[in-house]
Amino acid sequence: MAAALQVLPRLARAPLRPLPWWGPVARLASGMALPEQAQQLFESAVSAVLPGPMLHRVLTLDPSGKQLKVRDRSFQLRRNLYLVGFGKAVLGMAAAAEELLGQHLVQGVISVPKGIRAAMEHAGKQEMLLKPHSRVQVFEGAEDNLPDRDALRAALAIRQLAEGLKADELLLVLISGGGSALLPAPIPPVTLEEKQMLTKLLAARGATIQELNTIRKALSQLKGGGLAQAAYPAQVVSLILSDVVGDPVEMIASGPTVASTHSVQDCLHILNRYNLRAALPRSVKTVLARADSDPHGPRACGHVLNVVIGSNMLALAEAQRQAEVLGYRAVVLSAAVQGDVKSVAQFYGLLARVAGARLTLPGAGASGEEDAELHRLAAELQLPDLQLEEALEALAGAQGPVCLLAGGEPTVQLQGSGKGGRNQELALRVGAELGRQPLGPIDVLFLSGGTDGQDGPTEAAGAWVTSDLASQAAAEGLDVATFLAHNDSHTFFCHLHGGAHLLFTGLTGTNVMDAHLLFLRPR
């Protein structure tokens with residue numbers, strides 16, 4: 001494992017330096033070249049969405065220190081400020097907020113992933129840590145991104161703080177990806193175990209994050225505007241780091257400060273779609289029936305200001321800028337990649353062939369069949385911001401290597417009991433696609449990594465592959481199809497070249513979904 005791609009200690013380093021292609025910058029024990037430039041560009045994407053700089057871009061104090069400005073809104077400060085937060089990036093956000101707000105901050109409670117403080121200390125990232133005598137109480141929980149008893153205790157402490165606020169007080173809410181698992185407060189009689197079981201069943205059948213959060217909101221005391229309602233009549237300012245495609249504030253961490261627009265019928269439609277309605281516990285049926293007859297209707301959140309301070313697009317834009325510094329023709333394809341990981345992998349594999357043909361044979365392009373199939377796959381994925389034509393046109397004028405960037409959050413439909421995550425599975429599937437047909441005189445490298453540093457229940461952030469993955473695997477007696485059939489991508493990459501294709505960052509302290517990097521270079 002020691003030779004695997006390491007990132008975290010380098011995140012805050014000096015600007016990128018131009019390098020020849022991705023090798024031979026450093027060599028692994030296997031003799032393979034370490035993909036240095038892929039590592040650098042992933043680092044730059046993550047660095048662009050670290051919590052401290054993002055928070056300082058939107059929060060300022062006036063010279064007197066008595067007024068807090070949030071973008072174009074101002075709030076009076078007189079030791080009347082309280083703070084709560086939940087999510088993978090919230091520790092660093094809270095540290096930055098407390099440093100900025102000083103004595104105005106009376107009390108705070110945050111819920112963050114288990115082990116994140118130790119990880120930040122080990123990485124020397126002091127800017128991500130609260131001071132020793134902080135007014136902010138820290139709960140750690142949701143191991144492997146699953147709600148647990150520690151996260152439940154944190155949620156109850158957050159609710160208690162919010163419910164005690166008065167009209168002349170201000171609640172600053174810090175939200176990032178992972179917030180749903182870190183703020184579990186199921187409506188009785190639903191238990192934490194029942195809600196967790198239902199969430200696991202939905203995820204295993206390929207439910208999107210939007211569908212998962214619709215169900216979570218309906219069964220939660222704090223999601224779907226519940227936290228904002230608990231804090232009323234205090235003013236609420238919510239700073240949100242988006243980990244959901246399209247940055248819909250009602251979906252990020254299941255919208256605790258946003259009035260839910262979803263009905264019980266929406267929930268039932270989702271449960272029917274995945275054939276789970278008959279398997280619902282009696283408690284879930286009770287809560288849904290009660291909500292259906294609630295005379296108060298949806299919760300109002302007119303006392304709340306919600307501000308998105310960072311997103312996947314911001315990360316990709318910085319990686320694009322740094323790729324151009326390195327001499328690539330760089331194009332952002334989409335920040336909204338979603339859908340089944342198999343279809344996404346087919347799209348990237350075919351894109352590499354079509355792009356490679358245009359890059360190595362200017363004017364010739366790929367076959368008409370391949371072009372048509374690529375556009376069919378793109379239409380099937382329904383990516384609202386896809387810049388496919390722009391990317392293909394850019395290839396025609398490229399004089400050297402190309403980097404195509406994308407981001408989002410594909411879904412994996414579990415069929416086996418192996419160990420992996422969506423980034424490692426996507427990388428493995430793309431590697432398999434790249435090996436299906438000869439690519440011609442072109443080198444291809446694909447990297448997929450989670451910006452939070454944790455891909456599924458593994459310590460890896462993701463993985464990278466080249467077009468000769470299949471032959472590399474065969475040389476080590478590894479059958480790609482078998483590992484994919486068991487959703488066992490992590491085990492595969494642990495074996496391949498001793499783990500050299502795994503991307504290890506540790507917890508990064510931020511979270512804006514995943515980054516996909518596709519590199520092409522004519523030989």
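Predicted model: local features only at pLDDT ≥ 70, side-chain atom pairs only at ≥ 80, totals over all residues.

**Entry 1: a span from a record.** I began with residues 38–288, whose end C-alpha atoms lie 47 Å apart, with 41% of the span in helix and 18% in strand. Helices (H or I, at least four residues) and strands (E, at least two) are DSSP runs, numbered from the N terminus.

Entry 2: Residues are numbered from 1 along each chain as its sequence is written, and side-chain values use heavy atoms, with hydrogens and water left out. The protein chain averages a pLDDT (the predictor's confidence in each residue, from 0 to 100) of 89, and 91% of the residues score at least 70. Over residues 7–34, pLDDT stays under 50.

**Entry 3: the sheet.** In what order do the six strands of the open sheet come? I read β7-β6-β5-β8-β9-β10, with parallel pairing. β7 (136–141) and β10 stand at the edges with a single partner strand each, so one side of each has no neighbour in the sheet. From one strand to the next, the twist averages 15°.

I then followed the pairs, where pairing takes at least two DSSP bridges between two strands. Strand β8 (residues 170–175) is joined to β9 by six bridges, and Ile175 has Ile240 in β9 as its bridge partner. Strand β9 (residues 235–241) also pairs with β10 over six bridges, in the parallel sense; there Leu241 is partnered by Gly310.

Is β10 (residues 304–310) mostly covered or uncovered? It is mostly covered, as five of its seven residues are buried (under 20% relative accessible area with a 1.4 Å probe, protein chains only; exposed is over 50%, partly exposed in between).

**Entry 4: cysteines.** How many disulfides did I find? The count is zero, a disulfide being a pair of cysteine sulfur atoms within 2.5 Å. The sulfur of Cys301 is 17 Å from the closest cysteine sulfur, in Cys267, so it is too far for a bond. I also noted that Cys301 is buried at 15% relative accessible area, while Cys494 is partly exposed at 24%.

Definitions and conventions:
Contact = heavy atoms within 4.5 Å. Axes fitted to C-alpha atoms, helices over the stretch in contact; angles between N-to-C directions.
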